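Please look over the sequence and the model shown here.

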Amino acid sequence: TERVQVSVLVPAKDEAENLALFMEQASAAFASDRSTRYEVIVIDDGSTDDTNRVLRDLTAKYPFLRVARHRSQRGIADALRTGYLMAHGNVLVFYPADLQFKPENIPQLVAPILKDEADLVTGSKQGEYNKAFVSGVYNRLSRTLFNVRVRDLNSVKAYRREGMDALPVRPDWHRYMVVIAAAHGFAIAEV
């Protein structure tokens with residue numbers, strides 16, 4: 001079997017109604033990028049809805065899907081750490097299950113890393129969304145304080161596996177991932 005290059009880590013808390021569409025869209029995105037082998041690791045973070053059952057059904061349909069389960073909610077950072085420990089790929093992608101971001105953009109997000117043009121790539125939100133004002137203040141402040149030149153530090157991200165080793169084990173580390181990676185000398189890009 002070919003080696004998995006990209007592991008998409010998908011924290012999911014009560015996302016039963018979104019997972020089938022997420023996987024359908026991810027499958028289509030991966031089919032359009034035949035040069036890269038992907039896996040999706042959904043981390044069920046203590047869901048109380050039908051997420052666990054839906055994931056069992058979806059694993060039969062999508063051979064690239066793997067599932068981890070937290071019995072209680074532990075948060076995004078812990079879910080990403082669990083996915084990282086299971087991942088086979090050298091490129092990791094943080095992508096939420098809530099369909100706020102479209103899986104069709106995953107190949108575009110990982111491309112600069114696969115071409116050795118960057119170590120971490122962040123996306124940026126488009127259009128109107130909740131918390132845009134707070135997000136804008138946070139992003140402007142972070143750019144000023146840390147000299148990190150990306151528009152959206154809290155969007156989807158793709159990053160080299162070794163980037164996880166530089167991150168502290170804290171409940172909120174995912175919020176500062178871009179800043180920490182830049183401080184450790186990783187090349188940052190944005191799509």
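What follows takes the sheet, then the helices on it, then the salt bridges.

This is a predicted model, in which local features need pLDDT of at least 70 and side-chain atom pairs count only at pLDDT 80 or more, while totals for chains, interfaces and linings use all residues. Residues are numbered from 1 along each chain as its sequence is written, and side-chain values use heavy atoms, with hydrogens and water left out.

The sheet is open and has 7 strands, in the order E3-E2-E1-E4-E6-E5-E7, with mixed pairing. Its edges are strand E3 (65-70) and strand E7 (188-190), each of which pairs on one side only. From one strand to the next the twist averages 20°. Helices (H or I, at least four residues) and strands (E, at least two) are DSSP runs, numbered from the N terminus; two strands pair if DSSP finds at least two bridges between them. Strand E1 (residues 6-12) runs parallel to strand E4 (residues 91-94), and the two pair over 4 bridges. Within this pairing, Leu-9 has Phe-94 in E4 as its bridge partner.

Helix H2 (residues 51-61) packs on the sheet, where H2 touches strand E2 (38-45) and E3, and its direction makes about 160° with that of E3. Contact here means heavy atoms within 4.5 Å. Helix H3 (residues 76-86) lies across E1, E2, E3 and E4 and runs at about 135° to E3. For such angles, axes are lines fitted to C-alpha atoms, for helices over the stretch in contact, and angles run from 0 to 180 degrees between N-to-C directions.

The structure holds 8 salt bridges, each being a side-chain nitrogen of Lys or Arg within 4 Å of a carboxyl oxygen of Asp or Glu. One of them joins Arg-160 to Asp-116, with the closest N and O atoms 3.0 Å apart. This pair links distant parts of the chain, 44 residues apart: Arg-160 is in strand E6 (residues 157-160), and Asp-116 is in the loop between helix H4 (106-114) and strand E5 (120-122). Arg-160 is buried, at 16% relative accessible area, whereas Asp-116 is exposed at 62%. Buried means under 20% relative accessible area, exposed over 50%, and partly exposed in between (1.4 Å probe, protein chains only).

Arg-160 also meets Asp-119 in a salt bridge, at 2.7 Å from N to O. Here both Arg-160 and Asp-119 are buried.

Another salt bridge joins Asp-50 and Arg-53, with the closest N and O atoms 3.6 Å apart. Asp-50 is partly exposed at 42%, and Arg-53 is partly exposed at 39%. Together with Asp-57, Asp-50 and Arg-53 are linked in a network of salt bridges.
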